[in-house]
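Keep the structure open while reading.

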Amino acid sequence: MKYEPVIGLEVHAQLLTESKIFCGCSTQFGQAPNQNTCPVCMGFPGVLPVLNKKTVEFAIRAGLATRCEIARSSRFARKNYFYPDLPKGYQISQFELPLCTNGYIELAMNGETKRIRLTRIHMEEDAGKNIHDMRSDASLVDLNRAGVPLLEIVSEPDIRSAEEAGSYLRTLRAILQYLEICDGNMEEGSFRCDANVSVRPEGTDTLGTKVEIKNLNSFKAVEKAIVFEIRRHIEALSEGGTLIQETRLWDPDREETRPMRTKEFAHDYRYFPDPDLLPVIVDEQWIDTIRASLPELPEDRKIRFITRYEIPAYDAELLTSRRDIADYFESALKTHRSPKALANWILGDLFRVLKERKLDDKLYITDWPVHAENLANMIALIDRGTISGKIAKTVFDAMLDSGRSPQEIVTDKGLEQVSDSETIERAIDQVLAAHPKQVADYRAGNEKIFGFLVGQIMKATQGKINPQKANESLKRKLTQGG
Ligand SMILES: [Zn+2]
């Protein structure tokens with residue numbers, strides 16, 4: 001029997017507000033433990049929460065960008081459970097009346113568009129953090145994160161593969177980054193994901209037993225965990241076994257999931273409306289103002305890149321997948337207008353380095369040592385024939401390590417391309433004189449030797465020689481001499 005995976009994702013996105021959702025404490029990451037706290041977010045009795053308006057505005061931005069309906073009246077509820085990082089004994093969240101519902105996101109999958117529906121987007125507060133200190137055997141609580149505003153974004157179970165799940169998360173993260181409401185940093189936990197996975201016989205509509213996977217802190221982890229679960233489900237069902245509904249944790253070291261808690265321990269949160277908070281009333285005019293302030297989103301920017309800069313759709317897709325990279329590309333274009341060459345350098349060398357230095361999940365290429373202007377100037381040096389494409393790689397690496405301009409690097413290291421015929425001929429003569437046997441072989445008809453001789457000439461001149469001129473001159477000398 002063939003099985004079809006059914007996947008739904010739940011994303012928690014931390015909002016880039018300056019203060020917390022129900023108090024004036026800072027949301028800054030990396031502060032000393034419990035520095036960003038006050039009686040409200042520490043859950044002292046008798047305090048009252050006051051809703052941060054920016055949180056609502058950011059949630060509406062997300063809702064409009066994902067084609068949601070925006071509720072004119074929504075409400076906060078208390079989600080009751082006990083845990084040391086939740087000092088009030090309940091989390092304030094939206095339950096039966098969320099702010100945004102029935103939206104969707106479109107994914108570009110192998111040349112086709114796939115629509116993933118969104119059930120809801122709601123606002124809630126984050127909990128604190130427990131730190132288990134192995135040396136002192138103590139558990140410590142840091143409440144800096146308690147009360148930081150989150151959006152919970154819940155998809156319908158429309159996702160059918162690990163690949164689609166990855167694409168959905170990247171697209172969603174890009175949208176939030178373009179809206180400037182979430183930095184999308186998965187390592188710092190400002191973009192977190194839980195996955196609900198089940199399988200069913202292909203062609204049927206019923207839903208199989210679903211498993212929730214937690215502890216997914218990179219796109220790779222999400223994709224690998226889903227692949228692992230799909231295989232585990234199919235194997236169990238094919239052997240006539242059954243599955244239990246449970247929450248499982250992804251173990252990135254062993255690359256497997258393991259049970260965390262089963263249905264018997266599932267929480268009953270006993271939600272009820274928070275009596276300390278008024279309903280959230282949103283008027284038409286405010287929605288219109290927010291709608292008018294929305295930036296160009298990834299999909300629109302991609303289309304503009306294809307038509308305006310005449311670059312392939314796939315390249316445009318990659319360039320616009322992150323706002324900072326798209327901005328970097330357009331900023332470089334102001335210095336040197338060669339969209340194709342710039343796209344090639346960004347998607348080739350720059351992406352390679354991002355991957356090597358593990359910066360792909362982090363943000364802001366603006367902090368990158370190779371300034372957009374410098375990359376553009378380096379390409380201009382290639383176009384003018386000052387450096388060869390090969391030497392440009394050396395210049396690129398040097399820019400990366402020093403942040404200096406390509407002109408400075410070329411002058412300093414004497415990397416300028418040699419094009420004058422006299423120097424080229426002298427270099428070739430020396431190489432030919434040093435390799436009489438190879439020259440004889442070439443002249444006897446072994447044409448493969450040509451590449452070897454070019455290599456020797458490049459080596460002797462540290463790759464600085466103009467390759468086209470060297471090729472022409474070498475060919476002439478070899479045939480003349482024969
Ligand atoms: Zn506070």
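Which residues of helix 14 are buried? They are I449, F450, L453, V454, I457 and M458. The model is predicted.

**Helix 14**
- Helix 14 covers residues 449-460, which is 12 residues.
- At 1.5 Å a residue, helix 14 should span 16 Å. Its end C-alpha atoms lie 17 Å apart, which agrees.
- An α-helix has 3.6 residues a turn, so residues three or four places apart point the same way.

**T257 in strand 14**
- T257 sits in strand 14, which runs over residues 256-262.
- T257 counts as buried because its relative accessible area is 4%, under the 20% cut-off.
- The T257 side chain makes a polar contact with the side chain of E229 at 2.5 Å.
- Another polar contact, at 2.8 Å, joins the side chains of T257 and R248.
- Beyond its neighbours within four places in sequence, T257 is in contact with I213, A225, F228, E229, R232, R248, L249 and W250.

**Cysteines**
- A search of the whole structure gives 0 disulfides.
- For C193, the closest cysteine sulfur belongs to C182. The two sulfurs are 13 Å apart, too far for a bond, because a disulfide needs sulfur atoms within 2.5 Å.
- C193 is buried, at 2% relative accessibility.
- C23 is also buried, at 13% relative accessibility.

Technical notes: Residues numbered from 1 in each chain as written. Predicted model: local features only at pLDDT ≥ 70, side-chain atom pairs only at ≥ 80, totals over all residues. Heavy atoms only, no water. Buried < 20%, exposed > 50% of the residue type's maximum accessible area, 1.4 Å probe, protein only. Helix = DSSP H or I, 4+ residues; strand = E, 2+ residues; numbered from the N terminus. Polar contact = N/O pair within 3.5 Å; in protein donor to acceptor, adjacent residues only side chain to side chain. Contact = heavy atoms within 4.5 Å. Expected span 1.5 Å × (residues − 1).
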